[in-house]
Amino acid sequence: MTLGFKKKEKSEDGLILFHSVEDAIAAERILKEAGYEVRLVAPPPELRKGCDLAVEINLVEKTGVERRLREKKTDYLEILPVKGKGRLLDVVKVTDFGETLMVKAANMKLTFDKASGVIVNISGGGCPDIPALHADLLDKRISEAVSPKEKGYTLCSLMLDRAFEESLALWKKQRKE
Amino acid sequence: MLLICGTIPADDFPLTVGPVFFDGDALILDGKTIPCTQGTAALASAACTVAGHLGSERPWALLVGDRGTGTGSRALYEHLIENLPSLSPGVLVLHYMLPIMGLMKKVCRSAEQCQRRPVMIADAAAMYAAKAAGLAPRFDIFTPDHSEMAFLADPEASHPAYASRHLFESDGAMIPELARASFQQKGAAAMLVIKGATDYIFEHGQMVAHISEPDVPALEAIGGTGDTISGMLGAFIQGGQGLCDAAIQSARVNRLAGQYAQATPATKIREIIAAVPTVLKFHLKK
């Protein structure tokens, strides 16, 4: 049975902060045109850094939102979670399996073959762009693959990108040695 | 009925619901073929395999294409909100979908309108949405991995990417503490099935089991090995097992399947799932 699609509902746990009201208004329009569910709000005093207008977003969509604003050359100061300290995890853990290395960033793990640099597995995560990135990246050489940040939309893809960048650095370092 | 809900990595796969069949290679839903890859497809494949072995009713799946934009996920939430009471599944597994807190709240409200409240299981981003929205206590089971425990134990994190650094850096020995903290802070479901080098099962913040044999370290690297545990868990519960027994059984079967498949970090999830029938045949506790 194939079914239709009805209406939308938003969830707001992230804020985009701007230098100017003009930028905030432009960003809201650009993101709405791209299908994101966003709205203009006043940032809470503790998060206020530029102008007193912010755009509320679903934080998990940060990667796609950033890319869209970059493509449209729209300036913004920062994207922050409404709650918490607003710092993305920057810890990377590496596990050596002998022939392969697994690089872990937050909930995402990327494993590549040390000899060939081929991505042999991606595990972890839970956002819907991860199975797509998994299919796109698997069996590709890490030096030739497109970075997850360029194709993903969510925080999971951003964490996968961190694991990817670290893996690429490890692969290049190993090639030099 | 076991109802599995999630997204698959396709742009053109419409929202589809119905009984799902795994032919040993791919999933078949309403005549559509879905490759058995990491994510909800792996979960559903593992569930079908267990249900087939137990001779229980074929699982149902509610699947939609979504490559990350969230359009398919929203359609999935909306369908659940409107139709859960009429579907009235015995077990509901929520999996890969864009975490949208407002919609997850409505799904939980809709689940309460079922004739009998389903056993509620959340994994992947459905678990992120449930925890971030303060809905964790309304779920029966969460199935995090070790790194996701840092997220569940951090009351301020809305996604694992924002989990506290010191919680993320804590080693496996801290899992019991993280599980207790997450339960006390209402960041955990009644039961946690924590997947990792050692699998832990907690009920109401107390450890009730841990499984570390056979030890197959490569499983952590293989995309989909957490999904298969969640799928088997749903199928064992639907087949009549208690929640704790089903959790222990799923963790054991997954490890044994890894062992039978002679898993390496390069093994693909379909190879692990292919070993499940053998494990069920020779090792399933009657």
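These are some notes on the two chains of this predicted model and on how they meet.

1. Ground rules. Being a predicted model, it needs pLDDT of at least 70 for local features and 80 or more for side-chain atom pairs, while totals for chains, interfaces and linings use all residues. Residues are numbered from 1 along each chain as its sequence is written, and chains are lettered from A and ligands numbered from 1 in the order in which they are written.

2. Domains of chain A. Chain A splits into domain 1 (14-81) and domain 2 (92-176), with bounds from an automatic or database domain assignment. Their centres, taken over C-alpha atoms, are 28 Å apart. Domain 1 of chain A brings 6 residues to the contact and domain 2 of chain A brings 8 residues; contact here means C-beta atoms, placed from the backbone, within 7 Å. The domain 1 side has 2 nonpolar, 2 polar and 2 charged residues. For those classes, Ala, Val, Leu, Ile, Met, Phe, Trp, Tyr, Cys and Pro count as nonpolar, Asp, Glu, Lys and Arg as charged, and the others, Gly among them, as polar.

3. The sheet in chain A. Have a look at the open sheet of 4 strands, order 5-6-7-8 (chain A), with antiparallel pairing. Strands (E, at least two residues) and helices (H or I, at least four) are DSSP runs numbered from the N terminus, and two strands pair if DSSP finds at least two bridges between them. Strand 5 (92-96) and strand 8 of chain A are the edges, each with a single partner strand, so one side of each has no neighbour in the sheet. On average, neighbouring strands are turned by 15° against each other, direction ignored. Helix 5 of chain A packs on this sheet and touches strand 5, strand 6, strand 7 and strand 8 of chain A; its direction makes about 30° with that of strand 7 of chain A. Such angles run from 0 to 180 degrees between N-to-C directions, with axes fitted to C-alpha atoms, for helices over the stretch in contact.

4. Strands 7 and 8 of chain A. This antiparallel pair has 5 bridges. Lys109(A) sits opposite Ser123(A), and Leu110(A) opposite Ile122(A). The hairpin has 5 residues between the strands, and Gly117(A) takes a positive phi near 75° there. In strand 8 of chain A, 6 of the 6 residues are buried, so the strand is largely enclosed by the rest of the structure; buried means 20 or more other C-beta atoms within 10 Å of the residue's own, with C-beta atoms placed from the backbone.

5. Where the chains meet. The contact takes 53 residues from chain A and 58 residues from chain B. On the chain A side, helix 3 (129-137) is among the elements that each supply at least two residues, as are strand 8 (119-124) and helix 5 (155-176). Helix 3 of chain A gives the largest share, 6 residues. By class, the chain A side has 24 nonpolar, 17 polar and 12 charged residues.

6. Chain B. Its secondary structure comes to 10 helices and 11 strands, and 62% of the 286 residues are buried. Strand 2 (residues 16-22) of chain B runs antiparallel to strand 5 (residues 60-65) of chain B, joined by 4 bridges, with Val17(B) opposite Leu62(B). Strand 2 of chain B also pairs with strand 3 (residues 26-29) of chain B, antiparallel, over 3 bridges. Gly24(B), in the hairpin with 3 residues between the strands, takes a positive phi near 95°.

Conventions:
Contact = placed C-beta atoms within 7 Å. Buried ≥ 20, exposed ≤ 12 C-beta atoms within 10 Å, placed from the backbone.
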